[in-house]
Structures are given as structure tokens and as C-alpha cells.
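The questions below concern a set of chains and the places where they meet. Each answer works towards a single value or name.

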Amino acid sequence: MDINDIIKPENKVYSKSPLLTDNIMHYCPGCTHGVVHKILAEVIGEMGIQDKTIGISPVGCAVLAYNYIDIDWEQAAHGRAPALATAAKRLNPDKYVFTYQGDGDLASIGTAEIIHACNRGENIVVIFINNAIYGMTGGQMAPTTLLGQVTATTPYGRKAELNGFPLKITELVAQLEGTCFVTRQSAQNPAAVRKAKKAVRKAFENSMMNKGTSFVEFVGTCNSGWKMTPVKANQWMEENMFPFYPLGDIKDR
Amino acid sequence: MAEKILMKGNEAIAYGAIRYGCDGYFGYPITPQSEVMETLMAEKPWETTGMVVLQAESETSSINMLYGGACTGKKVMTSSSSPGISLMCEGMSYLAGAELPCLIVNVMRGGPGLGTIQPSQSDYFQCVKGGGHGDYKMIVLAPASAQDMYDFVDKAFELAFKYRTPAMILSDGVIGQMMEKVELRPIKPRRTAEEIDAQCEWACTGRKSGRKKHMITSLALEAPVQEAANIRLQEKYKEIEEKEALFATYRTEDAEYLLVAFGSMSRLSESVVDLARENGIKMGLLRPITLFPYPKQALESLIPQLKSIASVELNSGQMVEDIRLIVNGRVPVYHFGRMGGMIPSPEEIYEAFVKTINR
Amino acid sequence: MKEEIIIAGFGGQGVLSMGKILAYSGIMQDQEVTWMPSYGPEMRGGTANVTVILSDKKISSPILSKYDTAIILNQQSMDKFEDLVKPGGLLIYDPNGITKHPQRKDINVCSISAADESALMGNTKAFNMIVLGAFLKKKPIVTLENVVKGLKKSIPPRHHHLIPMNEQAIRVGMEKLKDINVL
């Protein structure tokens with residue numbers, strides 16, 4: 001059997017979502033962003049809403065998300081994506097509007113914007129990637145960095161008395177009346193990806209039901225920032241992140 | 001004839017927004033401009049024109065809501081006063097960098113810091129020179145009456161969309177708080193989705209099949225790409241300078257002495273001109289209506305007949321620097337101003353002027 | 001015609017609304033008007049003042065250093081504005097609460113006991129309209145008819161039933177105004 005037998009259409013078992021562009025991703029091998037992008041592209045494509053979806057990309061590693069998913073994108077200033085999404089959705093209620101934000105963007109500099117957008121119950125989707133570190137700027141402490149975790153700005157490990165505590169922003173927004181669906185997911189294996197995709201789809205469906213804000217956290221890895229192989233990073237995440245950031249739905253109404 | 005209504009400059013902004021087809025207002029309360037959002041909330045335009053009005057959690061959010069809405073091709077605006085404008089400067093830089101049309105109203109108060117709620121023009125440098133980081137300008141209109149506040153909402157949106165750039169109405173506490181009669185000129189309805197698509201082919205309105213995705217960003221990681229963007233912006237500003245400068249003159253035909261003043265100070269300066277003329281001094285006034293683009297040609301054409309120029313400003317001397325750049329030493333250029341929310345009387349300005357000619 | 005007026009008193013006396021009604025009356029007879037308040041914390045319980053200009057021509061400066069008329073409703077305002085009336089100009093004041101009466105001989109001084117008269121009318125809210133009546137008696141720059149039209153424009157429709165009371169208060173002010181000879 002030669003290669004031409006293998007690539008026959010009837011032998012095809014998987015193809016990438018047509019909404020994923022052919023641009024080569026700048027993400028590091030092993031990074032969670034690529035998988036979450038794939039989930040988003042598949043959900044938007046399967047729902048057939050690419051002509052009425054507006055994505056808001058953050059500042060951070062995902063700033064270039066607009067290069068990878070073939071929809072209209074607004075690129076926000078650091079932390080402000082929920083403010084952009086608020087106006088985009090209120091002015092265009094027939095559109096699906098989502099933000100895509102990392103932990104520095106959403107849980108540090110953009111805390112006010114995310115809290116108030118969620119509190120107003122904006123009918124948007126928030127995709128929150130929590131990898132407990134600043135990836136783009138070179139591995140500094142994030143608000144979600146675990147106690148003891150070594151980063152470029154916590155070279156001796158995060159200490160509560162110096163740096164405060166890791167911020168469970170997802171539990172925090174679940175307290176707000178404006179949120180309708182708050183869940184914490186991961187994407188480190190096929191089972192997790194399948195589960196997460198269902199959550200993302202539910203979040204997008206919610207945004208046309210006038211129910212309020214849907215918030216999907218992904219606990220993810222940053223193997224470059226963590227200075228680990230992808231496999232080791234996944235293992236470290238399961239052993240250290242999951243106990244502090246437990247997976248599952250926190251709120252669903 | 002259209003109805004004439006007594007209203008504050010701030011209220012005129014709100015009525016201008018509703019009647020000139022604004023799609024969304026996002027703001028945060030601050031004295032002396034809070035009547036803008038208060039009037040909008042009382043008028044409930046979402047029930048009539050469909051305009052969205054939202055009290056944001058901060059000025060930072062307000063300006064970024066403008067960015068979010070402007071990306072979709074909508075006519076969006078905010079209003080604030082000096083300390084709030086400082087908070088918005090980050091967003092204004094992004095809006096300029098991403099080439100997004102929008103309207104920002106600054107009803108200036110005295111600073112620095114929390115300063116005073118009383119009128120000032122001390123944000124001239126900040127607003128006319130850009131405000132935020134990076135090499136950019138905004139179109140800046142300086143109203144001198146409540147009617148201007150109303151009319152300039154339309155004018156600012158027109159220019160903002162024509163050039164895909166943020167526009168500012170740079171007002172102050174005098175013009176914002178003063179009541180005058182305002183003629184409610186004919187309504188311009190909000191644009192339909194089709195009209196927005198036609199006017200803003202760049203807008204993020206959902207990628208229709210067959211067209212490429214729209215990405216609105218101010219990011220260019222590679223230097224040559226960023227420089228190309230900078231050059232494009234500068235060319236746009238040059239075109240704006242060539243085509244859009246607005247000004248008014250008062251008794252300049254035979255003037256030997258010229259006052260230059262914008263906004264509220266142009267109103268006071270008219271009285272100074274009258275006072276000088278009563279005393280046999282041939283004085284005139286140039287009122288820049290646009291501060292960017294600055295009416296360079298108008299000033300240039302008056303220089304040959306002048307003995308001196310005085311810039312009258314509610315600040316320590318900001319616009320006077322632009323005048324000096326244009327005049328380039330050909331005639332003396334003075335500055336008269338008060339700070340901290342203090343407003344000079346026309347007599348006070350006149351007396352200060354007389355001292356300069358007796359020097 | 002050009003009339004430059006300062007109205008000054010305590011916040012809550014209806015200083016700003018009196019100025020607004022006067023300005024609206026001017027619009028009703030097709031004049032140019034400006035209404036420039038002092039704004040800020042002093043409005044809340046402290047002193048309030050408003051500069052109103054009515055003119056047949058376009059108004060340049062809305063900020064003035066001298067006034068044709070000063071309408072003065074508390075001592076602080078008397079201290080501040082008595083000296084700023086143009087020679088030959090008019091000063092109207094309510095003696096209620098005034099400890100230092102006007103001293104100038106080069107201006108016309110009148111008093112109106114608006115606080116007392118409004119109490120007699122059984123409606124202290126009529127206070128500012130009584131003062132306005134006194135002013136219009138001295139300087140009939142707007143007609144009563146246009147004042148009523150201005151009232152209709154400047155107060156919400158749900159309060160329009162109060163217009164006859166306001167009209168009555170203006171008449172009381174016109175009647176009870178007293179010329180004062182400063183000795």
C-alpha cells in the first residue's frame with residue numbers, strides 16, 4: 001500500500017475545521033491555546049454561526065487569535081475585552097460575541113471589566129485560559145499562580161505574604177447574579193476536549209437566550225513558561241492545578 | 001422654523017446624540033458634564049431611536065466600549081471631564097491606532113490631579129496633541145455655545161467616519177453648564193445595517209460567506225509594518241489639515257492687534273475686542289473652531305497686518321505654543337490666562353493687553 | 001436692549017430657576033439669552049448665583065464683572081455683589097436676613113419682602129416668583145404674557161397647574177416692591 005492509497009477520501013477519519021485558517025500557529029508545542037482554538041472553530045462551524053460571530057482577542061499570547069479562526073475579530077487593549085464585548089453585543093444583539101482572555105488579561109489588569117460585564121449579565125461568552133503564568137512576557141507571576149510556584153517574578157516560589165493568594169476568579173464570577181453558566185474545563189486529553197466542547201457549545205447557545213453571561217475557564221498548561229516538556233506539564237497540571245482549581249460546572253441555570 | 005429650546009451645553013450634547021443618529025453612548029459620571037448621561041437616561045432613546053445608553057463601571061471601560069462598538073461600524077460616543085479623559089487616553093490611542101471612528105466629549109475642568117470642578121482649558125496639550133501614547137492625532141472641535149455643542153455632535157461624527165479616526169469635542173465647564181437657546185435642527189436617523197455595511201466595509205459585522213474576515217487591531221509586531229501604518233496615519237492627518245480646518249473671525253478686517261481664543265474664551269474675547277475698539281484700538285479675534293487641524297492658513301494670512309498677537313486661554317499657556325510655531329518670530333505673541341477654574345473678566349483681559357502695548 | 005443680571009442667594013431659594021424662567025421669557029420674545037450658573041458644591045446648601053443676559057443682539061461673553069441689575073437674597077451675596085452693580089444700575093434685595101443694608105448712592109436700590117409675602121400667600125415656593133415680579137416692575141424687559149409662556153416651557157407639564165399661582169406671585173412682587181432711599 002502506498003501513500004496514495006492512504007489519502008483516498010474514503011479513508012479520511014478527521015479533518016480540521018474549515019474555520020481554522022492555514023496560518024501556522026505561533027503557540028509553543030504543547031500549549032493549550034491551540035486546542036481551545038480548535039474547539040471554538042468547531043463549535044462555531046457546527047452551529048453555522050460564523051457569519052454572525054464576533055471574537056474579541058486579548059493582550060497576551062492569544063493576541064493573535066484573529067490569525068487562526070476565520071471570523072471577524074476585534075483586538076482589545078489589555079484587560080478590556082469584556083468592555084468591547086459589552087458594546088459589540090448591546091449594539092448588535094443578533095450577533096454572537098465572545099471574549100478570549102488569559103489569566104493576566106482577565107484576572108489581573110481586567111478584573112473590573114470582567115466583574116462588571118458578568119454582573120450586568122451581558123449576553124456574551126467568556127473563554128478564560130488559566131495557565132497560572134504570564135506566557136507572552138516571558139513567564140512572570142499571574143494572579144492565578146499557585147503558592148510555591150516558581151516564575152520569573154517569584155524566583156523563590158509564590159509566597160502569600162509577599163504576593164497574595166492565587167485568585168479563583170471563576171468562583172468569584174459564579175457569585176454574580178448576572179452569570180448563567182460558569183464552568184471549569186481542561187483540554188489535556190480527548191475525553192476532556194469532548195467535554196469542554198459541549199460546555200463551549202452550551203455557552204454559545206446561552207448567548208441568544210438572554211440568560212446572562214456564560215463563562216468557561218480552561219485550566220491549561222504553559223510548558224515554556226513552566227519550563228517543562230508538554231507531557232510533564234500536563235502531569236504537573238493534573239497534580240497541582242486541578243486540586244486548587246477543581247474541574248466541573250460551578251453554576252448552570 | 002425649528003423649535004428653540006433653552007438648555008445647557010451638556011444637554012445639547014445629549015439631544016444632538018439622539019437626534020443625529022448616534023447608536024450608543026457609554027459613560028461614567030463626573031462633574032461638570034454629568035448632565036449628558038442624565039439627559040440621555042431621562043429621554044430613554046432606546047424606546048425611540050433604539051440608541052443604547054449605558055453607565056459603565058469606569059472611564060476606562062467607557063472608552064473600550066467605544067472601541068468595541070466602533071469596530072462594528074456603529075456611531076458611538078462618550079463624554080467625560082479632564083480626570084476621566086486622562087483615564088481614557090489609553091483607549092484613545094488604541095482607537096486611533098485601529099483607525100476607528102467615534103466621538104469623545106471633554107468638558108474640561110481645572111487640574112492637575114483631582115483639581116477643581118470649575119472650568120478650564122488646560123487639557124489643550126493633552127487632547128490636541130493626541131493624549132495617549134504613540135504618534136497620533138484626533139480631530140478636535142472647540143464649541144463656543146450650546147448650539148455648537150448640539151451641532152458639533154453631527155460634525156464630529158461626519159469627520160470621524162470620513163477619516164476613520166476618533167474625534168473629540170473639547171469643551172469646558174462654561175459651555176457645558178451655561179444655558180442658551182438651541183435650535184433643534186432636523187433629525188438624522190440612525191443608519192440601517194445595510195447603510196453601515198456600505199459606509200464601513202471594514203466593520204466587524206460577522207464574516208459573510210465569500211468575504212475575508214475583518215480583523216481590527218492596532219498591533220503590528222514587525223517594525224516595517226508598524227511604520228507603514230504610521231505613514232498611513234500621518235498622510236491621513238495631513239489630508240485633514242489641508243481640508244478640514246475651521247475658524248471664525250471677529251472684526252479682523254483692519255485689525256492691528258489680534259486675540260486668538262477658542263471655546264468659552266472666544267466668547268469673552270469678543271467682548272474684549274469691543275472694549276478695545278471703544279478705546280480706539282484696532283483689535284480683532286481669530287477663533288479656531290478646529291484645534292486639530294489648526295487653522296494655520298487663517299492665522300498666516302492675518303500676520304502681515306498685525307503688531308502683536310495674544311492667546312487668551314484658561315491655562316498657563318498651551319495653544320500659544322502652536323501660535324508661536326506658526327508666527328515664527330514675525331510679531332510678538334503674548335499669552336493671557338487664568339488657571340485653576342478662575343475665569344477672567346473681559347476687562348481683566350483688556351487691561352492685561354494694554355500693559356503689553358505700553359511695554 | 002441688553003440687560004445683564006446677577007441673581008444670588010442661598011441654594012434652595014429658587015435662584016437658578018428664576019434665572020431660567022427669565023431666560024425662557026426672553027426666548028419667547030425672540031431675544032438672545034445666556035444663563036450661566038455658579039456650579040459645584042456651594043449649590044448644596046451654600047450660596048448659589050446665576051448670571052442671566054437678555055439681549056436683542058448676539059451675546060459675546062456670558063461671564064461679567066459688572067451688572068445692570070443685582071438681585072440679592074442673602075448677606076453673603078450682598079457682600080459680594082453690591083459693588084459690582086454698574087453706576088445707575090439696579091439692586092433689588094429681600095431684607096429678610098440682611099444685617100448690612102446696601103450703602104451705595106449711585107445706584108437704584110429697591111427691597112421686596114418676598115419671604116414674608118410668600119408666607120402670607122401660604123406658599124413659600126412662590127418666593128422666587130415674587131422677587132421676579134419686583135424686578136419686572138422696575139425693568140419690564142419681558143412681558144407677563146411671555147413669562148407665563150416661559151414658565152410653561154421651563155417647568156414640567158405635571159406642574160402646569162401651578163402656573164396661575166406663580167402668576168399671582170409675580171403680581172404680588174410687582175405690587176409690594178419698595179424704593180429705598182440710601183441715606
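Q: In β2(C), which residue is the bridge partner of Glu180(B)?
A: In this predicted model, strand β8 of chain B, residues 179–183, is joined to β2(C) by 2 bridges. The two strands run antiparallel. Within β2(C), the partner of Glu180(B) is Thr34(C).

Q: Which element gives the largest share of the side of chain C that touches chain B?
A: The contact takes 20 residues from chain B and 18 residues from chain C. On the chain C side, α1 (15–28) and β2 (32–37) each supply at least two residues. The largest share is 5 residues, and the element that gives it is β2(C).

Q: How many residues of the side of chain C that touches chain B are charged?
A: This side of chain C contributes 18 residues to the contact. By class they divide into 11 nonpolar and 6 polar, and the number charged is 1.

Q: Which residue of β9(B) stands opposite Glu74(A)?
A: Strand β2 of chain A, residues 72–75, is joined to β9(B) by 2 bridges. These strands run parallel. Opposite Glu74(A) stands Ile216(B).

Q: Which element supplies the largest share of the side of chain B that touches chain A?
A: Here 29 residues of chain A are in contact with 32 residues of chain B. On the chain B side, β2 (24–27), β3 (52–55), α3 (59–70), α4 (82–97) and β9 (215–216) each supply at least two residues. By class, this side has 12 nonpolar, 13 polar and 7 charged residues. Its largest share, 6 residues, comes from α3(B).

Q: Of the 2 pairs of chains in contact, which share the most contacts?
A: Chain A and chain C are joined by no contact, and their closest C-alpha atoms lie 29 Å apart. Of the 2 pairs in contact, the one that shares the most contacts is chains A and B.

Q: What percentage of the residues in chain C score a pLDDT of at least 70?
A: The model as a whole scores ipTM 0.93 and pTM 0.95. Chain C averages a pLDDT of 93, and the share of its residues that score at least 70 is 97%.

Definitions and conventions: Residues are numbered from 1 along each chain as its sequence is written. Chains are lettered from A and ligands numbered from 1 in the order in which they are written. This is a predicted model: local features need pLDDT of at least 70, side-chain atom pairs count only at pLDDT 80 or more; totals for chains, interfaces and linings use all residues. Two residues are in contact if their C-beta atoms, placed from the backbone, lie within 7 Å. Helices (H or I, at least four residues) and strands (E, at least two) are DSSP runs, numbered from the N terminus. Ala, Val, Leu, Ile, Met, Phe, Trp, Tyr, Cys and Pro count as nonpolar, Asp, Glu, Lys and Arg as charged, and the others, Gly among them, as polar. Two strands pair if DSSP finds at least two bridges between them. pLDDT is the predictor's confidence in each residue, from 0 to 100.
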